[in-house]
Amino acid sequence: MNNKEEMSYETAIKRLEEIVNILEKNEVSLDESMKLFEEGTKLTALCSAKLKEAEQKITELTKEQL
């Protein structure tokens, strides 16, 4: 899945875990490490945005119940 905008939260978290595992092994070049770090940063931002969106929906639903 190339379009990170359409990636689900769960898929993004799974990929982040893969990136962390790769980087922890310290078996990739510096250039590859930088590419993975950049991808991880983008995925983290995506996850953060999705969590914020979910929180806003929950807040709206809670207000409707009151």
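## Basis of the values

The structure is a predicted model, in which local features need pLDDT of at least 70 and side-chain atom pairs count only at pLDDT 80 or more, while totals for chains, interfaces and linings use all residues. Residues are numbered from 1 along each chain as its sequence is written, and side-chain values use heavy atoms, with hydrogens and water left out.

## Helix α1

Helix α1 comprises residues 9–25; helices (H or I, at least four residues) are DSSP runs, numbered from the N terminus. Its 17 residues should span 24 Å at 1.5 Å a residue, and the end C-alpha atoms are 25 Å apart, which agrees. The expected span is 1.5 Å times one less than the number of residues.

The buried residues of α1 are A12, L16 and I19. They lie on the same side of α1, because they cover an arc of only 60° around the axis; the arc is that of the directions from the helix axis to the C-beta atoms. On the other side of α1, E10, K14, E24 and K25 are exposed. Buried means under 20% relative accessible area and exposed over 50%, with partly exposed in between (1.4 Å probe, protein chains only).

## Packing of α1 and α2

The buried residues of α1 pack against α2, residues 30–65. The two helices, α1 and α2, meet at an angle of about 150°, and their axes are 9 Å apart. This angle makes α1 roughly antiparallel to α2, a term for angles over 145 degrees, where under 35 degrees counts as roughly parallel, 65 to 115 as roughly perpendicular and the rest as oblique. Axes are lines fitted to C-alpha atoms, for helices over the stretch in contact, and angles run from 0 to 180 degrees between N-to-C directions.

On the α1 side, the contact is made by Y9, A12, I13, R15, L16, I19, I22 and L23. From α2, the contributing residues are S33, L36, E39, G40, L43, T44, L46, C47, K50 and L51. Contact means heavy atoms within 4.5 Å.

S33 is located in helix α2 and counts as buried, at 18% relative accessibility. Apart from its neighbours within four places in sequence, S33 is in contact with L23 and V28.

N26 follows α1 and is found in the loop between α1 and α2. Its phi is near 55°, a positive value in a residue other than glycine. N26 is exposed, with a relative accessible area of 65%.
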